[in-house]
Amino acid sequence: MKRIFPILAVLSAAFLAYATYRNLAVAPTDELQGDVYRIIYYHVPSAWTAFLLFFINFIASIEYLVSEKPSAKAAARWIVIAIGVVGVIASFLPQVQAMLPTGMRPSAVATTVIMIPAFYFLIGWLFPGQRLDVLAVTSAEVGVVFCTIVLVTGPIWARPVWGIWWAPGDIRLTSTLVLWLIYVSYLVLRRFSSSAQTQMLAAALAVFGALDVPLVYFSIWFFRTQHPQPVIGGGGSMDPRMLDTLLMSWMAFLFFAFLVCWARFRLEVMKRDVEEAHAMESLVGAGAGKASVPLTRSSR
Amino acid sequence: MNAVKFLIAAYIATWVIHGTYLATLVSRFRGLKRQMKELGKK
């Protein structure tokens, strides 16, 4: 890691700089909003990255919860496979397609559904045992950082376009704020609880927290909101140059998020090693103390 | 255009948040390194 990480960090900085240059200089100006619309190139990729990280946290938390019992682990594996198979078949049934909002493609639904078993098995294979919990805390923390950016850049964009900083009662805005609060409470629980059950409690909270992610994402598909309707895959149209720039910006942020997660993961492993070493040290100290007690008593 | 200041503010805010988070990571990393050194000495 010592060798490759700085190289990747430099590459990430260059990629982000290039993406920002494209955001500001290459993408065309929006006819209605002018240049302020360029906030989309930071706001939307940050939201997508946060959703992906919370999804990883959700999968890692489920796997951690079932990891204790082999029967639960086997059941979860079959449930995940069933979700993938049934979800893909269902997304192409005419009855299900009729329920999809306008502009949502069945292939997009099938791809999203197939991601659940794909991520489940990939994460389980790459992060066995306690590493699942380390991945969960890592993805939650970095996800909160990206979600914070969404909540900060959103009102800055809303002010010149809507004339207000925040639309109270808007379901997209409120559900995003609730999502952020859930994951902040998850991190607070992990930081300040000293119970032996903290990891399990946090994993359970993460599973409930993840239920808010689809609500945030689909809120603009199913409800009329102050927040704009989806411009990608939602029947809306976007200039191809704008779309290219948006996807490029997302790739740059994804790469950056991957590196930050990598560093945070290493930090968490290191922290646990130090805590273990401290615990061992105090055990050895206590053992020495206990050994000295009977000696003192017998000497009396 | 006056709205451009909002664009600049959003971009600056993004990097301030990322920068602050990275600074906390570096600070935590240094703290752990120090603790590891102390443990190594004992």
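Guide: What follows is a set of questions about labels and the values behind them. This is a predicted model: local features need pLDDT of at least 70, side-chain atom pairs count only at pLDDT 80 or more, and totals for chains, interfaces and linings use all residues. Residues are numbered from 1 along each chain as its sequence is written, while chains are lettered from A and ligands numbered from 1 in the order in which they are written.

Visitor: What makes up the secondary structure of chain A?

Guide: Chain A has 10 helices and zero strands. Helices are DSSP runs of H or I with at least four residues, strands are runs of E with at least two, and numbering starts at the N terminus. The order is α-α-α-α-α-α-α-α-α-α. The C-alpha atoms fill a box of roughly 90 × 45 × 40 Å along the principal axes.

Visitor: Why is Val213(A) called buried?

Guide: A residue is buried if 20 or more other C-beta atoms lie within 10 Å of its own, exposed if 12 or fewer, and partly exposed in between, with C-beta atoms placed from the backbone. Val213(A) has 21 C-beta neighbours inside 10 Å, so it counts as buried. Val213(A) sits in helix H9 (residues 212–222) of chain A.

Visitor: Which residues does Val213(A) touch?

Guide: Leaving out residues up to four places away in sequence, Val213(A) touches Phe51(A), Phe54(A), Phe55(A) and Leu179(A). Contact means that the C-beta atoms, placed from the backbone, lie within 7 Å.

Visitor: Why is Thr111(A) called partly exposed?

Guide: Thr111(A) has 13 other C-beta atoms within 10 Å, so it falls in the partly exposed class. Its place is in helix H5 (residues 106–126) of chain A.

Visitor: How do you know whether H2(A) is enclosed or open?

Guide: Count its buried residues. They number 22 of the 27 in H2(A), so the helix is largely enclosed by the rest of the structure. For chain A, buried residues make up 28% of the 300 residues.

Visitor: What makes the span of helix H2 (residues 40–66) of chain A agree with expectation?

Guide: The expected span is 1.5 Å times one less than the number of residues. For the 27 residues of H2(A) that gives 39 Å, and the end C-alpha atoms are 39 Å apart, so the values agree.

Visitor: Why are H7(A) and H9(A) called roughly antiparallel?

Guide: The axes of helix H7 (residues 171–192) of chain A and H9(A) come within 9 Å and cross at roughly 160°. Axes are lines fitted to C-alpha atoms, for helices over the stretch in contact, and angles run from 0 to 180 degrees between N-to-C directions. Angles under 35 degrees count as roughly parallel, over 145 as roughly antiparallel, 65 to 115 as roughly perpendicular and the rest as oblique. H7(A) and H9(A) are therefore roughly antiparallel. Among the residues in this contact are Leu179(A) of H7(A) and Val213(A) of H9(A).

Visitor: How do you know the direction of H3(A) relative to H5(A)?

Guide: The axes of helix H3 (residues 70–91) of chain A and H5(A) cross at roughly 170° and come within 8 Å. H3(A) is therefore roughly antiparallel to H5(A). By class, their contact has 12 nonpolar, three polar and no charged residues. Ala, Val, Leu, Ile, Met, Phe, Trp, Tyr, Cys and Pro count as nonpolar, Asp, Glu, Lys and Arg as charged, and the others, Gly among them, as polar.

Visitor: How many residues join chain B to chain A?

Guide: The contact takes 20 residues from chain B and 23 residues from chain A. The chain B side has 16 nonpolar, two polar and two charged residues.

Technical notes:
Two residues are in contact if their C-beta atoms, placed from the backbone, lie within 7 Å.
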